[in-house]
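Please read these points with the model open beside you.

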Amino acid sequence: MRFDLTDLRLFLHIAEAGSITAGAGRAALALASASARIRGMEAAAGTALLRRGRRGVAPTPAGEAVLHHARLVLQQMERLRGELGDYARGLKGHVRILGNTAAVTEFLPEPLAEWLAAHPRIDIDLEERPSHAIVEAVAAGLADLGIVADMAGGGAAEGGGAEGLVRIPFRIDRLVLAVPRGHPLAARRRIAFAEALGEDFVGLSPGSALQDHLARHAARAGRPLALRVRLGGFDAVCRMVEQGVGLAVVPETAARRCRRSMAIRAVPLSDPWALRRLSICIRSLDALPAHARRLVEHLAQDAPPAL
């Protein structure tokens with residue numbers, strides 16, 4: 001039985017995505033080539049590795065065994081690449097990062113750009129997910145590191161605990177209510193999220209970790225979040241707020257940036273969950289490849305003092 005690294009990486013992507021098509025895309029393979037590789041793996045194994053259904057695919061018990069060993073082999077290869085990276089110029093390292101909305105859009109682009117410029121042989125795969133899903137993925141070995149949000153006074157990541165994982169301080173994320181200048185709420189010094197739920201809102205695209213987070217808090221308050229339009233980024237959201245389409249909850253960093261060129265005001269939210277500590281979440285620093293350890297150190301160097 002012979003599975004090469006491309007086979008293992010493809011199988012991991014397919015199992016994670018729940019789709020051969022999506023897995024092939026992540027592995028940068030044509031669908032026909034990916035399907036042929038999976039058939040070849042199943043022929044070599046002598047058993048089915050995936051269950052096919054109308055909603056996608058899932059590993060069979062034999063596939064779960066392959067998945068387990070694929071993770072181990074690929075993680076070991078990453079460690080090997082990291083250790084040899086200073087000597088073997090032909091090898092490229094890879095780091096997979098999961099982050100919540102604020103981390104991906106507001107806090108990671110600048111430090112990642114600096115680090116990538118200094119490490120031209122390292123590639124980064126960055127994906128947005130809710131904090132609870134990030135914790136689960138890191139614990140399962142599906143990502144090297146994650147950026148998760150904890151409430152400033154608490155310990156667990158939003159929506160789930162991080163038991164057994166190492167957390168390293170990263171940034172402080174404050175959520176504010178963006179309102180048009182001249183709006184009745186613009187004169188408020190602070191406001192509770194529930195007080196604003198009678199207004200129309202502008203939100204982020206479906207699947208946004210922050211938007212899902214806000215929807216849960218609206219449901220807990222017993223009032224629906226009335227979204228008039230969903231957009232792909234905070235700048236576009238704030239532009240709609242400026243035009244009077246609705247209000248929006250955005251990171252304070254985004255509101256400050258947009259306020260320079262848009263007629264909006266940022267009203268601090270008084271809810272405890274609106275002040276969040278972002279942490280780097282890893283299984284173990286020693287278990288990371290050398291290049292991933294260096295990246296963690298780079299991301300943590302500008303961490304604020306503990307609240």
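1. Ala28 is exposed, with a relative accessible area of 69%. Here exposed means over 50% relative accessible area, buried means under 20%, and partly exposed is in between (1.4 Å probe, protein chains only). Ala28 sits in the loop between α2 (20-26) and α3 (31-45). Its phi is near 60 degrees, a positive value in a residue other than glycine. Helices (H or I, at least four residues) and strands (E, at least two) are DSSP runs, numbered from the N terminus.

2. A word on the basis. This is a predicted model, in which local features need pLDDT of at least 70 and side-chain atom pairs count only at pLDDT 80 or more, while totals for chains, interfaces and linings use all residues. Residues are numbered from 1 along each chain as its sequence is written, and side-chain values use heavy atoms, with hydrogens and water left out.

3. Asn100 is also in a loop, between β3 (93-99) and α5 (101-107). Is Asn100 buried or exposed? Asn100 is buried, at a relative accessible area of 3%. Leaving aside residues up to four places away in sequence, Asn100 touches Glu128, Arg129, Ser131, Ile134, Ile147, Ala149, Ala209, Arg276 and Leu278. A contact means heavy atoms within 4.5 Å.

4. Val202 belongs to strand β7 (residues 201-204). Val202 counts as buried because its relative accessibility is 4%. Its contacts, not counting residues up to four places away in sequence, include Leu227, Val229, Leu231, Met240 and Leu247. Gly246 and Ala248 are also among them. Ala236 is 34 residues from Val202 in sequence; their C-alpha atoms are 9.6 Å apart in space.

5. Now the aromatic rings. The structure holds two aromatic pairs. Phe193 and Phe201 form an edge-to-face pair, 6.2 Å centre to centre with 75 degrees between the planes. Rings of Phe, Tyr and Trp (its six-membered ring) pair if their centres lie within 6.5 Å; planes under 30 degrees apart count as stacked, over 60 as edge-to-face and the rest as tilted. Both Phe193 and Phe201 are buried.

6. Phe193 also pairs edge-to-face with Trp273, at 5.4 Å centre to centre and 90 degrees between the planes. Which parts does this pair tie together? Phe193 lies in helix α8 (residues 193-196) and Trp273 in the loop between β10 (264-268) and β11 (275-282), so the pair ties together parts that are 80 residues apart in sequence. Phe193 is buried at 2% relative accessibility, and Trp273 is buried at 9%. Phe193, Phe201 and Trp273 form one aromatic cluster.

7. Arg171 lies over the face of Phe170, 4.3 Å from the ring centre. The criterion is NZ of Lys or CZ of Arg within 6 Å of the ring centre and within 35 degrees of the ring normal.

8. Finally, the whole chain. The protein has 12 helices and 11 strands. Of its 307 residues, 47% count as buried. Its C-alpha atoms fill a box of roughly 70 × 45 × 35 Å along the principal axes. Among contacts between residues at least 6 apart in sequence, 74% join residues at least 24 apart.
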